Amino acid sequence: MADATFKDIPELFEVELGESLTARTESLSTFRELGPPDLCHVVKSTGKAGQRDLGSYHYVSGVDASSSASLAAYINSLTYAIEDTAGWLSKGPTWKLRNGCYCSDSCFNAFSRVDIRVDVKIPGGVHTYVVDLRGERHEATPEIWQETYLSALLRATLYSDDPTYYLDAYRKLDPITTPEGEIRFLQAAEQLFLKGWQVGSDPEIQVATVVSNHLTAGILKYFGDSNRWQQAANLFEKLTAKEPEVASLLAKSYIGMNEEVKAVQIMSAALKATPQSYTLLHVQCDFLRSKGKLDWALELAKQAVNCAPSEFVTWEKLTELYIDMGEYESALLTLNSCPMFTYNGRDAHRPLTPARVHLPTKRPITDILPERQKTEDDEADPALQRLPSPGLRGTWARAYALLCRLVSRIGWDELLKTRSCVFVMEEEYRMQKAHTEHVHTNGVDGDTVIHEDGTVGKSEGSTLVASTGADDDASTRGVVSAASTKGSVSSAANGVEETGNENLNAAPAIPTIRISTESDRAREEESEEANEEEDVLEKPVQAAGDDQESGGDASQQSEFSFSNKRLCERWLDNLFMVLYEDLRVWTIFRAEVAHFKTQHVAYRKTALEWEILGDLGLRLHHKEESKEAYQRCLESQRFSYKPWSKLLDMYADEGDLQRSLQMAIRVAAYQYAEYAEMTYPTQVARCFFKLYQIHGHAKLAYTILSMGLPEPIQKVMDSYLYYGRTFKVEGYDF
């Protein structure tokens, strides 16, 4: 059945004919936001009696979903893609497309929560219908088509280079290829803008609003990545008249255009009209931060928290300001107050087990890449592989990033001191608890009172026990006990506790780390030094939380209160343990590097280990060491996209033209190997446009030409240049 496959197009063959469509229909009610990529299902037949038809499908984004004709055109294009491997003397069957069903998930209509389906009969006609969440069919209206078209564009834009979203047989095409197509996108966005909250928002946003949703995120990404803010500003200018809160997006666009005076005027007028808009306050806050006016920005960040106290991003912004200003205790307390949300990933299809998988290799573009087979360079020390931090998502990942930024500013020891100053440690809690139980056991005479600070004294004619009662917010309670960074370590100190959220999975205790892959003799030589370094990194004592259970009843627990310290939220306590494990591995890694340098011995690791250490260095703000680790990854022949991608971003930020282009060629090849046949918006295009502003279009074009690339790869690189020239990205004219 090899000759029933498409050429250069991935596909999954069904066990039962039509099972992918059935599974999609059953999954419609589970799609929460934008929905998954579009599903293209085809039936192949030889036309001979007794020959069973074959059903296959693949996922695709970027196809024009504005009408049934455009979707049918994509399916018709597949008729020319079936491989004809039979020779002219062969007796083998000739497979053809009998019919195709394109289920677009932009065509999952994210606005009306329906699925548009186009049945193409070959030969025959085109039948279009709408499937709702109950599986019932309806007629497609012009309004449904417009919503479907915009939903498809948003998926193609926002899913374009999301490293966490992966599907087998997922084909990515350019969503917009001409300036006329871009104008149509803007027109659709303008008409549906006020309904944008219906498509959902990023996982860090608790409640989608008219200015915080996937539609605005898609617009800002599309025009922001190419630094073409004028088009976005024109759109937001029209919308501000209908919805004053859109002024925050308009001001952001003008700042991107370096029209700062105009942006300030817009923000000033808008704040008078909508003083409770936290998005507007954040734009002004960021502008003041960029000008070094941190004290002014801090006041705006506080006001934003008051306007939207249930949103994570407002507390996050305030934490960032406190870190900028060096007020680390306030930063830690603010971080502790962040509301955390359950992470909901992007919508995906229900996975089916295919009869077989066809993933063709896109040669000769991928000839410059290593083979996909597993080698020793795909192995890594278990201590590195089970670090819990890479598994953090959503608000948990953002909060952890703030904690990493904090430790990069003041160091681990100082962070622990700050933590013990503002939070109740577990030992302090137990000592205070034991003191209270002792008082109850021995009795309290008529003139004795337990004061709010925990001391016992005489009252003047009153026997009332002072108590503030149960606080609604446990994180605001504190204790006056002396700060301590020493004490017993509970089970939480051995790993990340289960917190009721799937994003903080329990992790076993990490033993003494031996992340070197040298010989046993080399391990023994560096063992003592590494252990000494490890001892320097103090393991954090568990903080007391609002879920403490010390055996007493509820009435006893409420008879003492906390005044100058707060209880650390359990999730933040867990993040301290996650940070400790990251720092511990990093400390030992750097100790090993230093040791091997002094011994003049080559320091070797597998490519996967270097990659993990590169990621670790980035998380902990050690950029140069991280870059070195990624560079060491490239010394081996291992099929991995990440080190090339990370180095591309680094070199582009530095304006290093030659190295950026070398990285971009490999990243583009990896993208094509994964069937991402799109030019923009992609990481390569984004980095190209950064280089445009520094070196100009002409220098990039001549430099690429001078590299003498094979023709297929040259065409791929030219496509990025063509986009910049066609859409007039800054730097295209010099």
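How many nonpolar, polar and charged residues are found in the lining of the largest cavity? In this predicted model, the structure holds five cavities of 30 Å³ or more, and the largest cavity contains about 70 Å³ of space. Rolling a probe the size of a water molecule over the atoms is what shows where such empty space is left. Divided by class, the lining of the largest cavity consists of six nonpolar, three polar and two charged residues.

The residues that line this largest cavity are Ser 20, Ala 23, Arg 24, Ser 27, Phe 31, Leu 39, Tyr 57, Tyr 59, His 349, Arg 350 and Leu 352. Two or more of these lining residues are given by each of the elements α1 (19-27) and β3 (54-61). The greatest contribution to the lining of the largest cavity comes from α1, which supplies four residues.

A helix pair was examined next. Helix α21, formed by residues 623-633, and helix α22, formed by residues 642-654, have axes that come within 9 Å and cross at roughly 135 degrees. Angles over 145 degrees count as roughly antiparallel, and those of 65 to 115 degrees as roughly perpendicular; α21 and α22 are therefore oblique to each other. The crossing of these two helices, α21 and α22, is left-handed. On the side of α21, the residues that take part in the contact are Lys 623, Ser 626, Lys 627, Tyr 630, Gln 631 and Cys 633, and in α22 they meet Pro 643, Lys 646, Leu 647, Met 650, Tyr 651 and Glu 654. Taken by class, the residues of the contact of α21 with α22 comprise six nonpolar, two polar and four charged.

Several features of the backbone were found in loops. The peptide bond that leads from Arg 363 to Pro 364 is cis, with an omega near 5 degrees, and Pro 364 has its place in the loop between β9 (356-358) and α13 (382-385). A cis peptide bond also leads from Tyr 680 to Pro 681, where omega is near 0 degrees; Pro 681 is placed in the loop between β12 (676-677) and α24 (683-695). In the loop between α5 (214-224) and α6 (229-240) lies Asn 227, and the phi of Asn 227 is near 55 degrees, which is a positive value in a residue other than glycine.

Key
Residues numbered from 1 in each chain as written. Predicted model: local features only at pLDDT ≥ 70, side-chain atom pairs only at ≥ 80, totals over all residues. Heavy atoms only, no water. Axes fitted to C-alpha atoms, helices over the stretch in contact; angles between N-to-C directions. Parallel < 35°, antiparallel > 145°, perpendicular 65-115°, else oblique. Left-handed = near helix turned anticlockwise from the far one by under 90°. Contact = heavy atoms within 4.5 Å. Nonpolar A, V, L, I, M, F, W, Y, C, P; charged D, E, K, R; others polar. 1 Å grid on protein atoms, 1.4 Å probe; cavity = no way out; pocket = protein on both sides within 12 Å on 5 of 7 lines; lining within 4 Å. Points joined across faces, edges and corners; volume = space filled by probe spheres on them.
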